[in-house]
Amino acid sequence: MKKVQVLFISLQQAWDYFSTPDNLASITPASLGFVIRSAHHGKKMYAGQIIEYTVKPLLGISLYWMTEITHVEDLKFFVDEQRFGPYSFWHHQHHFKELNGGVEMTDIVHYRIPFGFLGDLANTLLVRKKLNEIFDYRRVMVEKIFSTTTVSV
């Protein structure tokens, strides 16, 4: 899955917001019951950082999710990978590119659902749609958060 969004803010503003783990809850649908549980995850992203969450993706069932920030290049990109959680594989790249008057943000997600063909069926019927809904919500919330922000170049 690949999602691209352009915001009319500076690269520094985008990076400061998205590289702060505590901001993730504000752009995640409340229906997911997303809560950061790690007490020592730090204020800014760094390679090797572990962040623990609970989420309620289906039927209100709480699931533990641990990600590691595996790569960070300041003002360019960071990558989070699931270490424990609902997926058998999760690799999420967050890219930031400065544009004239704004920033292009690109999310690239590779994932795999466990349980073989049953997981594939669940992905086709539920998971892919749910992930798209989450990113659509995120797009709207990010636009609202930065709607009154101007670029300072």
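Six rings, those of Trp 15, Tyr 17, Phe 18, Phe 78, Phe 96 and Phe 146, come together in one aromatic cluster. Rings of Phe, Tyr and Trp (for Trp, its six-membered ring) count as a pair if their centres lie within 6.5 Å; planes under 30 degrees apart are called stacked, over 60 edge-to-face, and the rest tilted. The model is a predicted one, so local features need a pLDDT of at least 70 and side-chain atom pairs a pLDDT of 80 or more, while totals for chains, interfaces and linings use all residues. Residues are numbered from 1 along each chain as its sequence is written, and side-chain values use heavy atoms, with hydrogens and water left out.

The structure has 14 aromatic pairs. In one of them, the ring centres of Phe 18 and Phe 146 are 6.5 Å apart and the planes meet at 40°, so this pair is tilted. The two partners come from distant parts of the chain: Phe 18 belongs to helix H1, Phe 146 to the segment after H2, and 128 residues separate them. (Helices are DSSP runs of H or I with at least four residues, strands are runs of E with at least two, and both are numbered from the N terminus.) Phe 18 is buried at a relative accessible area of 15%, and Phe 146 is buried too, at 11%. Here buried means under 20% relative accessible area, exposed means over 50%, and partly exposed is in between, using a 1.4 Å probe and protein chains only.

Another pair, Tyr 53 with Trp 65, is edge-to-face, with 6.3 Å from centre to centre and 70° between the planes. Tyr 53 sits in strand E3 and Trp 65 in strand E4, so the pair ties together parts 12 residues apart in sequence. Both of these residues are buried.

Now for the sheet. Seven strands make an open sheet, ordered E1-E7-E6-E5-E4-E3-E2, with antiparallel pairing. Two strands pair if DSSP finds at least two bridges between them. At the edges are E1 (2-7) and E2 (35-36), each pairing on one side only. Helix H1 (residues 11-18) packs on the sheet and touches E4 (63-73), E5 (77-84), E6 (89-99) and E7 (102-112), its direction making about 155° with that of E6. Contact means heavy atoms within 4.5 Å. Axes are lines fitted to C-alpha atoms, for helices over the stretch in contact, and angles between N-to-C directions run from 0 to 180 degrees.

Helix H2 (residues 116-145) lies across E1, E6 and E7, and runs at about 5° to E1. H2 has a kink of about 55° centred on Asn 123; the bend at a residue is the angle between axes fitted to the seven residues ending there and the seven starting there. The buried residues of H2 include Asn 123, Leu 131, Phe 135 and Arg 138, and the buried set packs against E1, H1, E6 and E7. Arg 138 lies over the face of Phe 135, 5.1 Å from the ring centre. For such a call, NZ of Lys or CZ of Arg must be within 6 Å of the ring centre and within 35 degrees of the ring normal.

Most residues other than glycine have a negative phi. Leu 75, in the loop between E4 and E5, has a positive phi of about 70° and is partly exposed, with a relative accessible area of 25%. Phe 115, in the loop between E7 and H2, has a positive phi of about 80° and is exposed, at 67%.
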